Amino acid sequence: MKLRRGASKLLFLFVLACTDARRKSETKTESAQSFLHQAFELHQTQRFVEAESAYKSAIQVYQQMMIQGDNSMVQPYSIACHNLAYISHHNLQKSEAAKEFFIEATRISPQYYEAYHNLGQVLQDMQKHRQAIKFYKIEAKIRPDNSAPLLAMASCYNQLNEWEKAARFAVKATKVDPANTAAWNGAGWFLHLAGRSRDSEQVLKKGIKLHPNNPHMYLHRGKALSDLHDWDVAAAMLQKSIQLEDKNPESKLLLGMVYFSSADSGIKNETSTVWKLCKQYLQESIRDGLSGNNALIAMNHIAHASWQLGEHNHALGVVAAGLRLNPDFCDLQVRRLQLQMIVCNFTDVEQGRSEILRLILQQVKQGRPPTVNPFTLLMLNIGSPQDRILFYRKYASDKLLSATKMVESTARRLAERTRRHETFTIRKLKLGFLSADFRSHPMGYIMSDLFKAARSELSWLKDFEIFAISSTQDVDHVAKEVE
């Protein structure tokens, strides 16, 4: 009987202990939920410092309960960590703390894809793009049917100047989510940056069929077509972009530049009309808010178009206005000197020539691509023959570098296609250069250097048969070098 009484007493004490523990647990749960609810309200009313304190209090209670084995607290704990990290980064500028709380949220809830995505964004903002890519890849595995992590990885690779990879993920995003216009625009732009203008144009053509009212797709397709020198279709795309978004200065700048290239190349018969269109759209781009270097570039080309139309005083006025904005902008300095020498009978021609040469050589010494066409030096007889040869070669090497990147990109894609199709027969592509100037002329010197480099330095050219075709009978020492 004694034993039974003792057992009953122990059972009663155990029940009391369990009841007390349950009450304490319920109290802690209520406390944590109260802190979390309070934090949500403070967060929504933008009282971020107080919200931070409330989230931390909730996290502390949840941690104690999980240590005691209450696994039902895992989800609210990870949400509290996520939200605290979010306001720490976006509202309190505490990126390192935000990173740690996001990592904690992913540790406790490995399938919490929002935490991976926001952690990637924090790392991107901290310029840690490769680390961000690692977390975006985990997110992409958790939700493979969503384009957000793919576009985030494309953005990271863009920041790293790895445009082939950026384009690959953006193109994949267009297949995962064809309704996402950002995916199509990203794919087109990154392909353009990778030197694949034809692929860019084709991708954007497909995107436009799905989204015919998206102005940015027309803008990017117009850019790709201008790179391919398809001026008429490029102009049509950019006009459509402007029609859909009238106040976009970027579209008007690019359209003005397309007309500039078309008129400057002499392709159009009515060149005066094209110069007027060039000037009109460049002026509109500035009125619509174009700023920075792009505005100065537009002003430089407005001055050139005005000069071509015989509006010499207007050209000089535009250049002067540009130089007031940035006295050190080299293109406008050169344009001013050219106009003064050609149009205004500059009193000291040699001084003008020397100044232009100084500006050009300054660009070369700084390792920047020369922005002045070498024919300018020839036309104005600027510098000694040695100076001109130095500049021609620098100009050619910069253009050659750009061409090399584009051809190497094409060669890589051809190699990939070859691996996929074993029966593909590789034949040398015949590459011909036609000119009337394979002689003592800037073009002759440039091409002579190119052909020499093709033998010794440019290994990828071994896959091409190269021909130089002269349309004149002039033969001098440069023609013989080219031959």
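**Values set against their cut-offs**

Trainee: Why does Glu-311 count as partly exposed?

Mentor: Glu-311 has 30% relative accessibility, and the scheme calls a residue buried under 20% relative accessible area, exposed over 50%, and partly exposed in between, with a 1.4 Å probe and protein chains only; Glu-311 therefore counts as partly exposed. This is a predicted model, in which local features need pLDDT of at least 70 and side-chain atom pairs count only at pLDDT 80 or more, whereas totals for chains, interfaces and linings use all residues. Residues are numbered from 1 along each chain as its sequence is written, and side-chain values use heavy atoms, with hydrogens and water left out.

Trainee: What makes the meeting of the Glu-311 and Lys-279 side chains a salt bridge?

Mentor: The term requires a side-chain nitrogen of Lys or Arg within 4 Å of a carboxyl oxygen of Asp or Glu, and for Glu-311 and Lys-279 the N to O distance is 2.4 Å, so the pair qualifies. This pair links distant parts of the chain, 32 residues apart, with Glu-311 in the loop between helix H15 (292–308) and H16 and Lys-279 in helix H14 (residues 271–287). Helices here are DSSP runs of H or I with at least four residues, strands are runs of E with at least two, and both are numbered from the N terminus.

Trainee: Is Lys-279 buried or exposed, and how do you know?

Mentor: Lys-279 has a relative accessible area of 13%, and it is therefore buried.

Trainee: How many salt bridges does the structure hold, and which of its residues form a network through shared partners?

Mentor: The structure holds 14 salt bridges, and those that share partners join Asp-246, Lys-252, Glu-284 and Asp-288 into one network.

Trainee: What makes Arg-198 and Glu-201 a pair about one turn of the helix apart?

Mentor: Arg-198 and Glu-201 both lie in helix H10 (residues 197–210), three residues apart. An α-helix has 3.6 residues a turn, so residues three or four places apart point the same way. The side chains of Arg-198 and Glu-201 meet in a salt bridge, with 3.5 Å from N to O.

Trainee: How do Arg-198 and Glu-201 count by accessibility?

Mentor: Arg-198, at 46% relative accessibility, counts as partly exposed, whereas Glu-201, at 4%, counts as buried.

Trainee: Which salt bridge does Glu-201 form with Arg-221, judged by the closest N and O atoms?

Mentor: The closest N and O atoms of Glu-201 and Arg-221 are 2.5 Å apart. Glu-201 lies in helix H10 and Arg-221 in helix H11, so the pair ties together parts that are 20 residues apart in sequence. Both Glu-201 and Arg-221 are buried.

Trainee: How do you know that the span of helix H5 agrees with what its 13 residues should give?

Mentor: The expected span is 1.5 Å times one less than the number of residues, so the 13 residues of H5 (residues 113–125) should span 18 Å, and the end C-alpha atoms are 19 Å apart, which agrees. Among the buried residues of H5 are Tyr-116, Leu-119 and Val-122.

Trainee: Why is Asn-180 called buried, and what makes its approach to Ser-147 a polar contact?

Mentor: Asn-180 has 18% relative accessibility and therefore counts as buried; it is found in the loop between helix H8 (163–176) and helix H9 (181–193). A polar contact is a pair of N or O atoms within 3.5 Å, where within protein one must be able to donate a hydrogen and the other to accept it, and residues adjacent in sequence count only if both atoms are side-chain atoms. The side chains of Asn-180 and Ser-147 are joined by such a contact at 3.1 Å, and the side chain of Asn-180 also reaches the backbone nitrogen of Ala-182 at 2.9 Å.

Trainee: Why does His-229 count as exposed, and what is its phi?

Mentor: His-229 has 53% relative accessibility and therefore counts as exposed. His-229 lies in the loop between helix H11 (215–227) and helix H12 (231–244), and its phi is positive, about 60 degrees, although it is not a glycine. Most residues other than glycine have a negative phi.
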